[in-house]
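Welcome! Please take a moment with the sequence and the model below, and then let us walk through the fold together.

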Amino acid sequence: MLSLIKLPRVFTINQVPKVFHEDSIISGYRHPHSSATDCVLSLFQLTNETLNIWTHFLPTWYFLWKLLTVVLMQDVWHDAYTWPLLVFLLSACMYPLASSCAHTFSTMSARARHVCFFFDYGALSFYSLGSAITYSAYVIPERWVNSTFHLYYIPIAVFNTVVCTALACYSRLGLPFLQYNHDIIKRFPECNSPKLGKILRILAFAYPYLFDNIPVFYRIFVCTGEGCTDNETNTLHYHHTVLAFLTAFLFATHLPERLAPGRFDYIGHSHQLFHVCGIIGTHFQMQAIETDMSLRRAWLLAQAPPITFANTVGASLLSVGLSLIVIYVFSLALYWNPAKKSRRSRKPKTPSGSSN
Ligand SMILES: [Zn+2]
């Protein structure tokens, strides 16, 4: 069947505009103005994006299955203790889904590429908040329960998601309207320093990750004595932490393709490994969260602040709403055409006052 469909041809790095270039990836580029159909067809054709798409598309279904299992097996409507887990699992479905969609449709045009990845960053921000909400409910060490840090942890995490989405979007093109618009879509942060955009993007995700994980780092690396919640979940938290640092390392270094440009264009380049490590890390994180959730249930229900709609679903809705506003502003600037606008405003008025 597939042999009857003519698959689109692929290109080398010199045949596509600079905005589509990936560090040390020489071939396997799709057409920079692919149709939506061609983008979907590219799932079944080996390009330099194919495994980027599948390594996040398949895990979406795994986390969706986990989410449905919780919804069907537990009394989620009446048991507020399950709500943080639901938010986390929803965020763990959303970020690989948004990423696989972004990788699929990012070659429709330069503007579409930016918008696609703006949504990808928004979904990652939501995932970081999902992690914070579960850490606050199930993972925080006994010693910190009801502390000032615990009280402000979720509000700060919500604030961080907005900063993270905005900074990640900024890292692509700069400030909307002021530094880019419909006519100017060159990478503004990279004009002054070539790697600034990449550094800003790493910072945009490293900062909320490090903040969200303060309770985990304290629990497994620093805390000694009573109240440290030193249980069997700690091993899973270690696994997740190691994979998170490996994920960041792959994203930052572009290894292995930087050592042999062109050799890993289709299989084995850093972005695919980054996706795989991220997903395995999320899997361990989910296991750690579920284990802490069930082991500590009685103690947390008796001692911790109550889990409410506001500090779970409400915080998520606020964060997603704010991130969508940020994405809207950054996307709108891509379609804003100041030349056209000023031409229209210079047009002389007719005596009747009508412009046409
Ligand atoms: Zn990706």
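Helices (H or I, at least four residues) and strands (E, at least two) are DSSP runs, numbered from the N terminus. Residue numbers start from 1 along each chain as its sequence is written. The model is predicted, so to speak of local features pLDDT of at least 70 is needed, side-chain atom pairs count only at pLDDT 80 or more, and totals for chains, interfaces and linings use all residues.

**The overall picture**

The protein has 13 helices and zero strands. Its C-alpha trace spans about 75 × 60 × 45 Å along the principal axes. The radius of gyration, taken over C-alpha atoms, is compared with a globule rule of 2.2 Å times the number of residues to the power 0.38. For 356 residues a compact globule would come out near 21 Å, and the 23 Å of the protein agrees with that.

Of the 356 residues, 41% are buried; a residue is buried if 20 or more other C-beta atoms, placed from the backbone, lie within 10 Å of its own, exposed if 12 or fewer, and partly exposed in between. Two residues are in contact if their C-beta atoms, placed from the backbone, lie within 7 Å. Among contacts with a separation of 6 or more, 73% join residues 24 or more positions apart.

**The cores**

In soluble globular proteins, nonpolar side chains tend to be buried together. A nonpolar core here is a set of buried Ala, Val, Leu, Ile, Met, Phe, Trp, Tyr and Cys residues joined through C-beta atoms within 7 Å. The largest one has 60 residues, and A92, M94, A123, I133, C169 and I289 have the most contacts inside it. Which helix gives the largest share of this core? Helix 4 does, with 17 residues. Leaving aside neighbours within four places in sequence, I133 touches P84, V87, F88, I154, T312 and A315. Another core, of seven residues, lies apart from the largest one and includes L243, F251, F274 and C277.

**How helices pack**

Axes are lines fitted to C-alpha atoms, for helices over the stretch in contact, and angles run from 0 to 180 degrees between N-to-C directions. Angles under 35 degrees count as roughly parallel, over 145 as roughly antiparallel, 65 to 115 as roughly perpendicular and the rest as oblique.

| Helix pair | Angle | Axis distance |
|---|---|---|
| helix 4 and helix 7 | roughly 10° | within 9 Å |
| helix 3 and helix 12 | about 25° | 9 Å |

Helix 4 and helix 7 are therefore roughly parallel. L124, S128, S131, A132 and Y135 of helix 4 meet F205, P208, Y209 and D212 of helix 7. Helix 3 is likewise roughly parallel to helix 12, with W83, P84 and V87 of helix 3 meeting T312, V313 and S316 of helix 12.

**Residues to look at**

T165 sits in helix 5 and counts as buried because 30 C-beta neighbours lie inside 10 Å. Beyond its neighbours within four places in sequence, T165 contacts Y121, G122, S125, S323, V326 and I327.

The loop between helix 9 and helix 10 also holds H254. Although not a glycine, H254 has a positive phi of about 55°, and H254 is buried, with 20 other C-beta atoms within 10 Å. The peptide bond from L255 to P256 is cis, with omega near 15°.
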